[in-house]
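Please take up the structure shown below and consider how its features may be read.

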Amino acid sequence: MKKELDFAQKLIDFIHKSPSNFHVVKNLEAILDGKGFKKLDVREKWNIEKGSKYYIEKNGTALIGFVVGQGEIEEDGFRIIGAHTDAPTFRIKPNPEIVVENNYLKLNVETYGGPILSTWLDRPLGLAGRVSLKSDNPLYPNIRFLNINRPVLIIPNLAIHMNRNVNEGVELNKQKDMLPLLSLINEEFSKDNYLSKLIAEELKVGVDEIIDFDLFLYEFEKGSIIGLNNEFISCGRLDDLAMVHAGVEALSECNNPKATNVMVCFDNEEVGSSTKQGADSPMLRTVLERVVYGLGKDKEDFFRALYSSFIISADMAHALHPNYTDKHDPTNKPIINKGPVIKINANQSYTTDSDSYAVYEMICKKAGVPVQKFVNRSDLRGGSTIGPISSTHLDIRSIDIGNPMLSMHSIRELGGVLDHYYIKKSFDEFYKL
């Protein structure tokens, strides 16, 4: 299992170096730069060449990479893999400092997405994201990324002696119970604008230069490979950075494809995707259209290319839980390390149909990868993902897949070492079509 373990460790290292979605995209750019990709400026005219490799970023949190095929794009189309860079967390609010009894300093935060709140308690937490500074041009602030790479925050639990019913299930209030403790106050401590002063110190700028920030909490502890036989990946944000990592690695390694291969990493999936960098935006369609025009083709060729294309929407899937087997469909029970999961829903929460199912199953068979199925229990409402949202903007054949995992949306999720290797092999095969 050496190659599988090595690839799983690469994923853990990638996530550890990417504490916010801003850092995710920064590190994806480094991977693509190292493989000869050229960054395109969305404000400039594009000159696209067959066989060349390009990427764009949007808002610092979304990225689209593509390798232009050697064939005719209107005939061979696009091979697209989609994933998302964001994960449930907590965002620092403006004016965040809250002083308690003139002794404690905690920060005011807002929940992002749908985290399992209890898993964030008693964990050493870091702080990372984007800071916008003054610049000469008001339309374009000076942007800096920040990672306070040490455990500066914690959300302490209430002792069982003061909360006797805690093990019977206690509802956590997002405004009251989930505020992280930052420091103690002493006589020399200046609580006013404390966070801004900390940011200025980290970035080595003046406090008056800081205009605003997008800062988020993250689990400080690095992920690890665990299990009796080293079969599990225990790590935060596997949903959906595992798919991001596997997809970008596959794209960076593909050579001389006939079709044009695309990897799109959207943002804001966890909050509905309705942003300029989310799946419910024209971002992907605009880039695909500009690629066609950059090759000297016209609008008709763009439409022809779409109908020769295929999308794999890659977002993590639910594995059978050993303690809650009754929560799963009685005949479709994905197991960790038994291969990628095809997600199916009669009400179209996933885009899979028998046609796209057959396509991905044949890809996996050709790659020597096992494949599984996921369907929700009929009396339980499941989630959705970027696939159906993307389909409202691009009428391209599509499938929703993902690797099986446990503890989705916990601060610490659990996936499989073999599965991460399997999904990459399936992406490799897809990009050969």
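The dialogue below treats a sheet, its helices, and some ring contacts.

Q: What kind of model is this, and how are residues numbered?
A: This is a predicted model, in which local features need pLDDT of at least 70 and side-chain atom pairs count only at pLDDT 80 or more, while totals for chains, interfaces and linings use all residues. Residues are numbered from 1 along each chain as its sequence is written, and side-chain values use heavy atoms, with hydrogens and water left out.

Q: In what order do the strands of the open sheet lie, and is the pairing parallel or antiparallel?
A: Strands of a sheet pair through backbone hydrogen bonds, in either a parallel or an antiparallel sense. Strands (E, at least two residues) and helices (H or I, at least four) are DSSP runs numbered from the N terminus, and two strands pair if DSSP finds at least two bridges between them. Here 3 strands form an open sheet in the order β11-β12-β20, with antiparallel pairing. The edge strands, β11 (224–226) and β20 (413–416), each pair on one side only. Between β12 (residues 232–235) and β20 there are 4 bridges, and Ile 233 stands opposite Gly 415 in β20.

Q: Which helix packs on the sheet, touching β12 and β20?
A: Contact means heavy atoms within 4.5 Å; axes are lines fitted to C-alpha atoms, for helices over the stretch in contact, and angles run from 0 to 180 degrees between N-to-C directions. Helix α5 (residues 238–253) touches β12 and β20, its direction making about 35 degrees with that of β20. Helix α10 (residues 417–430) lies across β11, β12 and β20, at about 65 degrees to β20.

Q: How is the ring pair of Tyr 54 and Phe 66 to be read?
A: Rings of Phe, Tyr and Trp (its six-membered ring) pair if their centres lie within 6.5 Å; planes under 30 degrees apart count as stacked, over 60 as edge-to-face and the rest as tilted. By this rule the count comes to 8 aromatic pairs. The ring centres of Tyr 54 and Phe 66 are 5.5 Å apart and the planes stand at 35 degrees, so this pair is tilted. Tyr 54 lies in strand β2 (residues 53–58) and Phe 66 in strand β3 (residues 62–67), so the pair ties together parts 12 residues apart in sequence. Ring pairs also link Trp 46, Tyr 54 and Phe 66 into a cluster.

Q: Is Tyr 54 buried or exposed?
A: Buried means under 20% relative accessible area, exposed over 50%, and partly exposed in between (1.4 Å probe, protein chains only). Tyr 54 has a relative accessible area of 4% and is therefore buried; Phe 66, at 1%, is buried as well.
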